[in-house]
Structure formats: structure tokens, C-alpha cells
Amino acid sequence: MGLRKAAAEPLREVVEREHARDLPGLVAALKSGDAEQRRWAARDLAAHPQAAPTLGAQLLAERDGSVREALFTSLATHASDEAANALLPLLRSEDAGLRNGAIEALAGMPAAAGPRITALLRDADPDVRIFTVNLLGELKHEQVTRWLAGVLEHDPAVNVVAAAIEVLAEVGGAAQLPALDTAARRFADDPFVGFAAQVAADRIRAA
Amino acid sequence: MKTAARIRISDTDFQKFRDYFYRKTGIHFDDNKRYFVDKRLVDRIEAGGHEDFRSWFIALRFDARGDELQQLVNAMTVNETYFFRENYQFDCMVNDMLAEVVKHKKRGERIRIWSVPSSTGEEPYTIAIYLLERWPLIEQYDVEILSSDIDTAVLDQAQRAVYSPRSVGQMPRELVDKYFRRLPTGEHALSRDLVAAVEFSRVNLADPADTRRFRDIDIIFCRNLLIYFDDLSRRVAAEAMFDALSPGGFVCLGHSESMSRISNLFTVRRFPDAMVYQKPLSGGQS
């Protein structure tokens, strides 16, 4: 007993593989009944960008939290148009974990997410627009403040506008002050919007 | 001949290097690291006899053996450490974490501890000394210490195991006398028995192909490494650690690092000596 060098028993894979580690094998392993096998398949599929739609579909079915994290991380690693397309439907999910995971993953792929923002901000569902505003709070993209100002100037839903004001309070600058005024005027009947716009404007001026 | 002062790294060069290095290693350099990065890039450009960044970068990208990339990694990773650094986590290991680990093991079973990054070996050897000196059950279990780093030069140094007086300065004097031999140069050579007790390997924690073979680990020390990674690479590394650990296994991060900001996979455990992270046991119980 005591300290013992591992060389006598080299590190090795201890999980028996039911499927090969190629694309078809990994896709098949995503359907395994064993969460560890599914998690490993999800991680290994990070090396297969063409698997993005499969990873997205699995997210809708997956119940194990650790497998979900691996699925999101692999899609974030792809950071491709296909990965963004696989993540966007999750913004409509009733499951807050899926929505937040999608927002986090999309936030890390500005080149793929950016071209989709305008359409998302025009979505008929105000909840999708709110989640898009939340995404803008995390997205490192030069258009973020312009998109948020557009929400303040045009979005008909008060909750979407309130969410955008909240994000602008953090990321906005002097160029967005007129949009904050516009929002306060558009929703003059709602004292919260006026209050939030004033707080955001004060914060921007103080920065 | 060009001198260091005459080779200039432009903003575009820096961006090119940063993107390439990130893709290869997961390590991300912010703009505020320009001085650090530029100085080392110039060193590498000169070492290869290149006239400018462009020539060197082309050679780097077409170097099929990857030797220059490895040299670059060695230059860009920081390896300052010393014996018994942040030793409250080692106290926690011998006072609490190991007691929980052995609850799920029979006497004589294997315990695996992984220290990553190994840097020049101070951490894995500190773990070995702590186990021998402070863990009363050491003779009842087989303990394997694995240690990995992306930098092959420090792995060589770790196995050479010769240290400056500063490296051992935080250790109790009697332990220095017990485990080291004083060399005429004033340096300290670690006992070869301890060197032989640690299994060193080259691993990039952000590369699943490298970490796949690490399984059944009971405790991981991963301190002051994730601070060099960007958000995505941190998540990849967290998942690698999750899959490497046995259920109920522990992760120790550096004092400025927080797993809770990276991943929801682990639960927080607060012990008297330290706060650490734990992979849940099956069924979600800690």
C-alpha cells in the first residue's frame, strides 16, 4: 500500500463501447439508455460540425442535466450557422433550462447569431423577443446597442421594451439616450417604463 | 540581423496569433496581455531565424511535426509555483476529502489523484508529501498521483525535480531535510522515490482527445489554469473533469476561480479548511 505509480496499470478507457467513435456510431450512442454514454457521445460530436441538427434534436429530448451541458458545449464549439439553427427553436421551449442554455451558447457565436437577430426581434411571440433581448445582453457584437435602440423605438410590447431598457442600462452609451426618451414617451401611461428609462439614462450619463 | 527591438508585432499579427493559438490550445489572450505575448512572439520569431511575424507564422502553420507549436505553448504558459502553495486545500484533502473518498472504497483499493497543470512538479510532489506525512490511512490504500501539463519543457523539469531555495521556502524545514538533498549549487534535489511515485503526461485539458483516457479519478487539483481559458474552453475543461471523476470525486480550483460560474455539473462542498466542488454520487446525492 502507499504511493503507487500508475504505469503498472496504464490509464485506459474503462467504458465498453457499444458503438464506434465515428459519426454514425456517435449519433447512435446519443440514443443510449446510459447517460454517461450519451454524454460522451455529445462531447465527441464537438468534432463533427455536421452533427449540429442531431445535437439540437437531442436537446429537446434529453432529461439528464450533465448530458444537456455537453450538448450545449458541443454546439457552442461548432459555432456554425447549423449550430445556431439547432439552438434557435429552444428559445420557444417551456423549459427555462433549455432557453437559458440556448441563450448562453448563442451568445458565444456572434458571427452565426448576429444575422438572425433582426428576424428574432420581429418574431410574433413577445416571449421570443424578450429572450432575444436577453441574448443581446450577452452577445459580443458591434450592433447590440443599435438593435436594442430599435426595440425601444418600435417594439409594441411593454415587457420587451422594459427588458431592452434593463440591458441598455448595462451596455448602452450616449447614442442610445434618445431611444430611451422615445420609449418613455411611447409608454407614457406605464410609469415603470418611464422610471426604468430614467434610471438607465442616469446610469449611462454617470459612466 | 534583426534584433528584438526591430521586429514589431502589429495588431493584425496579434489577432492572427490569438485566433490560431486559441484554436489549438483553448488559451485566450486579452488585449491587455499584449506586452506579455509580443515579447514571447518576438523571442520565437528570432529563435527560428525568421525576418518577421509573417514568415514565422507560415512556418508555424506548415510545421507538420508541431515542434514550433509546442515551443510556442511552452513560451506562452506561465509556470510559477512552489511547494505547499495554498496548502489549505491539501489540508482539506487529508482532513476531509479523503475520508469521504474511502467511504466508497474497500481497504487496499486504489485512490487516484490528478494534478493539472503539473507545472514544474511542485504541486504533485506536495500532494505526495502531504499524503505520506499527514494522512494516517496511506498504508491502507494504493494511491496513484497523476500529473499533466500542456508544456513539455516543464514536464521535463518536473521529472528532473531540482528546485531553488525559493521553491521550498514555504515547507517546514524538517520536511525539506527529509525529502530533499542539498546540491553544491544551493538547489534542492527531490528524493527519487517521490519522483517515481508521480505519473507525468502531456495533456491539453481543453482537448477531449487528450483527456478521454483519464477515468476513475477521486480528487483533481486544477488550480490557476482555467483563468487562462475563455468561457467555452472552461466549459470543455469542466466537462472533462466531470467525466474523469468517479461519482463523489472532488475538484479543487484556485482561490480566484469558481466552478459555479462555469458549469452546473458540480455541487459546492464547504469543509473547515476549504471550499471544493464535488461530482454528485449516482442519483444526484452528494
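Let me begin with a definition, which is that the domain bounds I use come from an automatic or database domain assignment. On that basis chain B is divided into domain 1, residues 11–76, and domain 2, residues 88–284, and the C-alpha centres of these two domains of chain B lie 29 Å apart. Please keep in mind throughout that this is a predicted model.

Staying with those two domains, eight residues of domain 1 of chain B are in contact with eleven residues of domain 2 of chain B. On the domain 1 side, the elements that give two or more residues are α1(B), residues 11–25, and α4(B), residues 67–76, and of these α4(B) gives the most, with three residues. If we sort that side of domain 1 of chain B by class, we find three nonpolar residues and five polar ones, with no charged residues.

Let me turn now to how the two chains meet. Here 24 residues of chain A are in contact with 31 residues of chain B. On the chain A side, the elements that give two or more residues are β1(A), residues 2–3, α2(A), residues 35–44, and α4(A), residues 65–78, with α4(A) giving the most, namely seven residues. By class, the side of chain A that touches chain B holds ten nonpolar, six polar and eight charged residues.

Inside chain A, I would like to point out a pair of helices, α10(A), residues 144–154, and α11(A), residues 158–171, whose axes come within 9 Å and cross at roughly 145°. The crossing in which α10(A) passes α11(A) is left-handed. From α10(A), the residues involved are A:Val144, A:Thr145, A:Leu148, A:Val151 and A:Leu152, and they meet a set in α11(A) that includes A:Val160, A:Ala164, A:Ile165 and A:Leu168. The residues of this contact divide into eleven nonpolar and one polar, with no charged residue.

I will finish with some details of the backbone.

Is A:Ala79 buried or partly exposed? A:Ala79 counts as partly exposed, because it has 19 C-beta neighbours inside 10 Å, whereas a residue is buried if 20 or more other C-beta atoms lie within that distance.

In chain B, B:Asn224 likewise has a positive phi, of about 60°, although it is not a glycine. The place of B:Asn224 is in the loop between β7(B), residues 217–222, and α11(B), residues 231–244. With 19 C-beta neighbours inside 10 Å, B:Asn224 therefore counts as partly exposed.

Key. Residues are numbered from 1 along each chain as its sequence is written. Chains are lettered from A and ligands numbered from 1 in the order in which they are written. This is a predicted model: local features need pLDDT of at least 70, side-chain atom pairs count only at pLDDT 80 or more; totals for chains, interfaces and linings use all residues. Two residues are in contact if their C-beta atoms, placed from the backbone, lie within 7 Å. Helices (H or I, at least four residues) and strands (E, at least two) are DSSP runs, numbered from the N terminus. Ala, Val, Leu, Ile, Met, Phe, Trp, Tyr, Cys and Pro count as nonpolar, Asp, Glu, Lys and Arg as charged, and the others, Gly among them, as polar. Axes are lines fitted to C-alpha atoms, for helices over the stretch in contact, and angles run from 0 to 180 degrees between N-to-C directions. A crossing is left-handed if the near helix is turned anticlockwise from the far one by less than a right angle, and right-handed if clockwise. A residue is buried if 20 or more other C-beta atoms lie within 10 Å of its own, exposed if 12 or fewer, and partly exposed in between; C-beta atoms are placed from the backbone.
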